[in-house]
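This report looks at a helix pair, a loop residue and a further helix, taken in turn. The sequence and structure are shown here for reference.

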Amino acid sequence: MAGIRIRGYGYAHGDKVVTNDDLAAMVDTSDAWIREKTGIVSRHFAEHRSNADMAQEAAEGALRTAGLTAEDIDLLLICTFTPDLATPSLACQVAGRLGTKPDILAMDVNGACSGFVYGCTAAAAMLVAGSARRALVIGSEKISPMMDMNDRRTCILFADGAGALVMEYDENGLFESVTGCLPDDQILGCPRFDPAIYMSGQEVYRFATSQVPEAIETLLAKVGMDREDIDYYVCHQANLRIIDSVARRVGVDRKRFYTNIETTGNTSAASVAICLSEMMEKGLLQPGMHVVCAGFGAGLTWGAMLMRI
Ligand code: COA
């Protein structure tokens, strides 16, 4: 168990709100179907914003709420599968925009929709090892250009946005995680060129509703805590029915699972980061509270992490 605490938070959305009715005007679907099957009512697309624009706004919010400047950061990880460029990394682009110091370690982490759990896990390990003092971990995605807007099975799900946390070592803090990868590129993926996300929805659904509860139970057993010791749970925002099922299987009151998928859609690696930032902003997460976050996605990757605020 690592002594980590969250010091700052921030988030950003795409510039255009897209409702289910907007999508129904483009593809053969309906507001009723999308709401019933996913819980999504609207989402944001970044029509006039790059991924770096959103990551930068989230990062600036995290630095502001932490009372820090970019020069105080020595590890910058951006969890994304949709960087603006293949190289330089999104992290290098954002480091330049923020004005971080030259001896920073800045790199992207691609764990798909588990990306933020993967990124926080890597950051925590480096903070505890002493190779970094403060980490800025950002989940940021611009997925809208990677979707086939004629494919009603996928284009209704995904969206754009960014969330960021400043993490630092604190001996009274707490961080633990479990992660995994069950390699399979058929169920869910996105080609490098001429990209369009492909997905077998039912197989993803089955994977998520079995793997995520198991990951949470494994994590709780690892730290010797009971599910009732956890104040809030944050599941990757992919589908409200998946979150309902995870809450049932873990045996926790669904009210303790925070959601924003209704107005945010599935922002992949950004989803958990945006949720945590919103919760901090609303004052839902207070010092000493425990929150468990879980992700799942292409890879197939999965992960769950515990943080003490
Ligand atoms: N609007 C209307 N009808 C749609 C539709 C849409 N947007 N998308 C699919 N359908 C239709 C299908 O064509 C199918 O019609 P048919 O029976 O005439 O062939 C019917 O709805 C049922 O399709 P199915 O794929 O079996 O639906 P489902 O109940 O599995 O729900 C998902 C589809 C995508 C909502 C659901 O599988 C899901 O949420 N899976 C998890 C996806 C996920 O989390 N992805 C992100 C991972 S990080």
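## The crossing of H6 and H7

In this predicted model, helix H6 passes helix H7 in a right-handed crossing. The axes of H6 (residues 201–223) and H7 (residues 240–250) come within 9 Å and cross at roughly 40 degrees, which makes H6 oblique to H7.

On the H6 side, the residues that meet H7 are Tyr205, Ala208, Thr209, Ser210, Val212, Pro213, Ile216 and Glu217, while H7 contributes Arg241, Ile242, Ser245, Val246, Arg249 and Val250 to this contact. By type, the residues of the contact of H6 with H7 divide into eight nonpolar, three polar and three charged.

## Arg49 in its loop

Arg49 belongs to the loop that connects strand S3 (42–45) with helix H3 (51–66). With a relative accessible area of 19%, Arg49 counts as buried, because the cut-off for that class is under 20%.

A polar atom of the Arg49 side chain lies 2.9 Å from the backbone oxygen of His13. Beyond its neighbours within four places in sequence, Arg49 is in contact with Ala12, His13, Gly14 and Asp15, and also with Met54, Glu57 and Lys142.

## Helix H9 and the residue after it

Helix H9 (residues 271–281) is mostly covered, with 10 of its 11 residues buried. The buried residues are Ser271, Val272, Ala273, Ile274, Cys275, Leu276, Ser277, Glu278, Met279 and Met280. Just after H9, Gly283 adopts a positive phi of about 80 degrees.

Terms used. Residues are numbered from 1 along each chain as its sequence is written. This is a predicted model: local features need pLDDT of at least 70, side-chain atom pairs count only at pLDDT 80 or more; totals for chains, interfaces and linings use all residues. Side-chain values use heavy atoms; hydrogens and water are left out. Helices (H or I, at least four residues) and strands (E, at least two) are DSSP runs, numbered from the N terminus. Buried means under 20% relative accessible area, exposed over 50%, partly exposed in between (1.4 Å probe, protein chains only). A polar contact is a pair of N or O atoms within 3.5 Å; within protein, one must be able to donate a hydrogen and the other to accept it, and residues adjacent in sequence count only if both atoms are side-chain atoms. Contact means heavy atoms within 4.5 Å. Axes are lines fitted to C-alpha atoms, for helices over the stretch in contact, and angles run from 0 to 180 degrees between N-to-C directions. Angles under 35 degrees count as roughly parallel, over 145 as roughly antiparallel, 65 to 115 as roughly perpendicular and the rest as oblique. A crossing is left-handed if the near helix is turned anticlockwise from the far one by less than a right angle, and right-handed if clockwise. Ala, Val, Leu, Ile, Met, Phe, Trp, Tyr, Cys and Pro count as nonpolar, Asp, Glu, Lys and Arg as charged, and the others, Gly among them, as polar.
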